[in-house]
Amino acid sequence: MTRWRQIEGVWCLWPAKPIALIEMIGGSYLASNPQLSYRRLLEILSKKNLAIHAWSYLPGLDHQAQANEAWKVLRRTRKQLEERIGETTPPIRIGHSLGCKLHLLSPDGGRNSKTLIALSFNNFTAARSIPMLGKIAPKLGFRSEFSPSPIETMRIVNERYLQPNNLLVQFGEDQLDQSDSLLECLQSRKNDQSQKIFLHGDHLTPASAGVRQNFIGSRNDDRIRTRNLLELANTIYEWANK
């Protein structure tokens with residue numbers, strides 16, 4: 001039986017002898033309970049002896065503050081794992097959707113990680129992400145844009161993000177993906193080694209079956225969904241062991 005534990009809002013799976021550590025930040029509301037919403041993917045990776053640290057959060061407008069908080073709590077949790085296994089473990093950072101942006105805004109610029117795997121990156125405005133907000137915010141007189149904004153986010157990535165080794169995963173049926181713009185931004189940096197690959201699936205492929213069914217209402221694609229999820233897990237494992 002897989003046993004999750006929670007440390008400071010980080011959901012953890014620790015194999016007996018982990019060969020690497022994954023620090024996961026999920027997308028928007030999926031990340032409120034990552035041990036459930038990404039359970040199948042993360043437990044597959046844990047069975048491959050990858051330790052899992054998945055941060056739990058609720059989305060807000062101040063993405064920089066959330067990125068800073070994620071970095072702090074994940075760093076503290078990583079130290080507890082290192083005390084247990086007796087060695088330093090550079091993390092493999094994985095983001096899904098908004099989680100990619102939060103990793104990219106990490107205050108260490110990605111320096112203390114082995115790599116970033118960005119699943120279904122998107123960088124929408126608040127008005128597109130939360131349509132009702134764009135309608136009511138002007139009437140109420142408060143800010144209705146994310147901080148940093150989409151344009152400012154790309155500038156920060158170009159100027160401050162230092163990790164050269166990034167894998168961008170775009171799913172074939174994902175209508176929300178903006179990986180092309182991120183790849184262009186990353187590759188404009190000196191000595192960048194970022195790559196983009198296509199996998200089968202859609203924006204919710206990383207999420208567990210129950211979550212997908214709640215969103216798309218289909219219970220008839222179990223075989224295809226399982227195939228896509230295993231393809232994603234194997235891709236992550238292979239990239240982590242490069």
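Contact here means heavy atoms within 4.5 Å. The model is predicted, and local features need pLDDT of at least 70, side-chain atom pairs count only at pLDDT 80 or more, and totals for chains, interfaces and linings use all residues. Residues are numbered from 1 along each chain as its sequence is written, and side-chain values use heavy atoms, with hydrogens and water left out.

Figure 1. Leaving aside neighbours within four places in sequence, Ser181 is in contact with Phe121 and Met154.

**Figure 2. Crossing of helices H7 and H8.** Helices (H or I, at least four residues) and strands (E, at least two) are DSSP runs numbered from the N terminus. The axes of H7 (residues 150-160) and H8 (residues 179-187) come within 9 Å and cross at roughly 35 degrees. Axes are lines fitted to C-alpha atoms, for helices over the stretch in contact, and angles run from 0 to 180 degrees between N-to-C directions. H7 passes H8 in a right-handed crossing, that is, the near helix is turned clockwise from the far one by less than a right angle. Met154, Val157 and Asn158 of H7 meet Ser181, Leu182, Cys185 and Leu186 of H8. These residues comprise 5 nonpolar, 2 polar and no charged; Ala, Val, Leu, Ile, Met, Phe, Trp, Tyr, Cys and Pro count as nonpolar, Asp, Glu, Lys and Arg as charged, and the others, Gly among them, as polar.

**Figure 3. Contact of helices H2 and H10.** The axes of H2 (residues 39-47) and H10 (residues 222-240) come within 10 Å and cross at roughly 45 degrees. H2 is therefore oblique to H10, the class left after roughly parallel (under 35 degrees), roughly antiparallel (over 145) and roughly perpendicular (65 to 115). The crossing of H2 with H10 is right-handed. Arg40, Leu41, Ile44 and Leu45 of H2 take part, together with residues of H10 including Arg225, Leu229 and Ile236. The contact divides into 8 nonpolar, 1 polar and 2 charged residues.

**Figure 4. The rings of Trp55 and Tyr57.** Rings of Phe, Tyr and Trp (its six-membered ring) pair if their centres lie within 6.5 Å, and planes under 30 degrees apart count as stacked, over 60 as edge-to-face and the rest as tilted. The count comes to 1 aromatic pair. The ring centres of Trp55 and Tyr57 are 4.7 Å apart and the planes lie at 15 degrees, so the pair is stacked. Both Trp55 and Tyr57 are buried.

Methods:
Buried < 20%, exposed > 50% of the residue type's maximum accessible area, 1.4 Å probe, protein only.
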